[in-house]
Amino acid sequence: MYTKKVMDHFVNPRNMGELENADGVGTVGNAKCGDIMRIYLKVEDEIIKDVTFKTFGCGAAVATSSIATELVKGKSIKDALKITNDAVVEALDGLPKAKIHCSLLAEEALHAALWDYSKKHGIEIEGLEPPKADIHDDHPIDTEDE
């Protein structure tokens, strides 16, 4: 059911925990399944120097949080904004259709943390939209190949 990478990131999550004095914090959830994801960012010179997460949810939610932090660490804000749920799924070598919403949580939590960073520092990040607090299952995603 789950790929080796999903299981690895679930059993051995990377960057788990709270980041003190974070420059940006984003929290999102899915009311239907009960998953809640929070991502913390430390940004220097528009580069994500550190990123951590705290997730309450299933193994797929933990795995998507973990891989999302790996995907953005060391990236510019502009490049981090390009991380999508599809990139999260691909980096994990796939997710079951029933768990695709976890990759959406990772994307939205990251974008919410970037939004928080932009508001705290009075900057505008081109292409960044206000975060969604609740990710619904009717979110537009492409799951044909999953």
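The model is a predicted one, and its protein chain holds five helices and three strands. Read along the sequence, these elements follow the pattern α-β-β-β-α-α-α-α. The radius of gyration of the protein chain is 14 Å, close to the 15 Å that the globule rule gives for 146 residues, so the chain is as compact as a globular protein of that length.

**Overall shape and contacts**

- Along its principal axes, the C-alpha trace of the protein chain spans about 45 × 30 × 25 Å, and buried residues make up 48% of the 146 residues.

**The nonpolar core**

- In soluble globular proteins, nonpolar side chains tend to be buried together.
- The largest nonpolar core in this model has 40 residues, and those with the most contacts inside it are Ile 39, Leu 41, Ile 48 and Leu 114.
- Strands S2 and S3 and helices H2, H3, H4 and H5 each supply at least two residues of this core, while H5 gives the most to it, with 11 residues.
- Once its neighbours within four places in sequence are left aside, Leu 41 is in contact with Leu 19, Ala 22, Asp 23, Gly 24, Ile 48, Asp 50, Val 51, Leu 110, Ala 113 and Leu 114.

**Helix H2**

- Helix H2 covers residues 59–72, and its 14 residues reach 20 Å from the first C-alpha to the last, close to the 20 Å expected at 1.5 Å a residue.
- H2 is mostly covered, with 12 of its 14 residues buried; among them are Gly 59, Ala 60, Val 62, Ile 67 and Val 72.
- The buried residues of H2 pack against helix H1 (4–11), strand S2 (35–44), strand S3 (47–56), helix H3 (77–81), helix H4 (85–91) and helix H5 (100–120).
- After H2 comes Gly 74, whose phi is positive, near 85°.

- Helix H5 has 21 residues, which at 1.5 Å a residue should span 30 Å, and its end C-alpha atoms are 31 Å apart, which agrees.
- H5 is also mostly covered, since 17 of its 21 residues are buried, and it is followed by Gly 122, whose phi is positive, near 60°.
- Ser 118 is found in helix H5 and is buried, because its relative accessible area of 2% falls under the 20% limit for a buried residue.
- Not counting residues up to four places away in sequence, Ser 118 touches Ile 123, Ile 125 and Leu 128.
- Ser 118 and Asp 23 are 95 residues apart along the chain, yet their C-alpha atoms are separated by 9.0 Å.

**Aromatic rings**

- The count of aromatic pairs in the model comes to zero.
- A ring does take part in another arrangement, in which the charged end of Lys 119 sits over the ring of Trp 115, 4.4 Å from its centre.

Note on methods. Residues numbered from 1 in each chain as written. Predicted model: local features only at pLDDT ≥ 70, side-chain atom pairs only at ≥ 80, totals over all residues. Heavy atoms only, no water. Helix = DSSP H or I, 4+ residues; strand = E, 2+ residues; numbered from the N terminus. Expected span 1.5 Å × (residues − 1). Buried < 20%, exposed > 50% of the residue type's maximum accessible area, 1.4 Å probe, protein only. Contact = heavy atoms within 4.5 Å. Phe/Tyr/Trp six-rings, centres within 6.5 Å; stacked < 30°, edge-to-face > 60°. Lys NZ or Arg CZ within 6 Å of the ring centre and 35° of its normal. Core = buried A, V, L, I, M, F, W, Y, C linked by side-chain atoms within 4.5 Å. Rg over C-alpha atoms; globule rule 2.2 N^0.38 Å.
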